[in-house]
Structures are given as structure tokens and as C-alpha cells.
Amino acid sequence: MPSVPNQLSQSPATRKVILGVAASDSHAVANHLIAFFLRGLGFDVVNLGTCTPVEEFAEACARHPEAEAVIIGSLNGHVHEDLRGLDRAKQSGRITCPVIVGGNLSVGSHKDGSSHDRLYAAGVDHILGDPSELPALLAELQVERERAAVTLGLAAS
């Protein structure tokens with residue numbers, strides 16, 4: 001009698017993201033809540049934890065080239081300084097997936113309008129004002145990846 005493949009062992013590929021808190025920031029609670037939230041949505045979360053320098057995000061990308069995004073949180077407002085070197089890591093190909101940043105992105109109660117521009121210039125691809133925006137953004141990025149894969153497939157034919 002021929003064997004029937006076990007449907008349970010053939011699960012679809014798990015989507016993976018890399019998560020961490022900016023280098024000078026030790027706020028762990030939001031990081032753990034976001035990791036828990038993403039895992040509940042079915043993501044494999046590589047959580048680098050708090051006080052994560054750009055170099056560690058780049059190393060995680062090398063270990064997990066299938067990662068869909070690097071997600072960096074900051075609550076202390078020093079993310080601009082913490083992300084020095086992100087642009088070089090992206091330009092050199094050490095971080096190839098989109099970088100998403102969220103949280104408190106500036107120090108003090110006065111929010112400078114150029115804050116987002118400076119983060120984009122530093123290599124950030126997306127800035128979120130609220131973690132609840134993350135699933136929609138990750139879904140949008142997945143559609144973009146699939147569209148790019150189809151385009152590359154057509155170009156290779």
C-alpha cells in the first residue's frame with residue numbers, strides 16, 4: 001500500500017522578523033509585548049532584546065537571511081544616535097530587509113518635525129506611530145516581496 005504524506009509535517013514556511021530595542025535603550029516590556037503579539041500572528045521572532053547596536057542587527061540578518069524585516073523600538077528617544085551606522089550596514093548589504101522603527105523617537109515633549117526625515121536619511125524604511133500598525137505594514141511588505149519575485153521570475157524567463 002503506498003504511503004500517504006503526513007499533512008501535519010508539511011507546514012507552510014514560517015514568516016520571520018528580527019526584533020530589538022535600540023542600543024542605548026533598556027525598555028524591555030514593550031519589546032516583549034510586541035514579540036508576543038507577532039508570535040500570536042504566526043511569526044517566528046528573533047528577539048535580540050534591549051540595548052541592541054546596529055552591528056547585532058546586521059549579524060542577526062546574516063544568520064537569518066530569510067527575515068522579512070528588522071523591527072527596532074525606542075522609548076528613550078535616542079534612536080537617532082543609536083542608529084548611526086545603519087545606512088552603512090544597508091549600503092554594504094549586511095542588512096537587506098526593510099528596517100521598521102517605532103516608539104518614542106525624540107527626547108522631550110517638543111517633537112521636531114524633521115525627526116522622521118533624519119531617520120529615513122539614516123536608513124530607516126518605515127516609521128510606525130503605533131505597534132498596532134505593524135501587521136498591516138508586514139502584510140504590505142509581503143505583497144511587495146511577492147510582486148518583486150514574480151517580476152524577477154518574468155525577467156529571467
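His-64 touches Lys-16, Ile-18 and Val-46, leaving aside residues up to four places away in sequence, where contact means heavy atoms within 4.5 Å. The model is a predicted one, in which local features need pLDDT of at least 70 and side-chain atom pairs count only at pLDDT 80 or more, while totals for chains, interfaces and linings use all residues. Residues are numbered from 1 along each chain as its sequence is written, and side-chain values use heavy atoms, with hydrogens and water left out.

His-64 itself lies in the loop between α2 (54–63) and β3; helices (H or I, at least four residues) and strands (E, at least two) are DSSP runs, numbered from the N terminus. With a relative accessible area of 18%, His-64 is buried, a word that stands for under 20% relative accessible area, as against exposed for over 50% and partly exposed for values in between (1.4 Å probe, protein chains only). The side chains of His-64 and Lys-16 are also joined by a polar contact of 3.2 Å, that is, a pair of N or O atoms within 3.5 Å, of which, within protein, one must be able to donate a hydrogen and the other to accept it, and for which residues adjacent in sequence count only if both atoms are side-chain atoms.

Strands count as paired if DSSP finds at least two bridges between them. Strand β1 (residues 16–21) runs parallel to β3 and is joined to it by four bridges, with Val-70 in β3 as the bridge partner of Ile-18. Five bridges join β3 to strand β4 (residues 99–103), again in parallel, and here Ile-71 stands opposite Ile-100 in β4.

Cys-51 lies in the loop between β2 (44–47) and α2. This residue has a positive phi of about 55° although it is not a glycine, and is partly exposed, with a relative accessible area of 35%.
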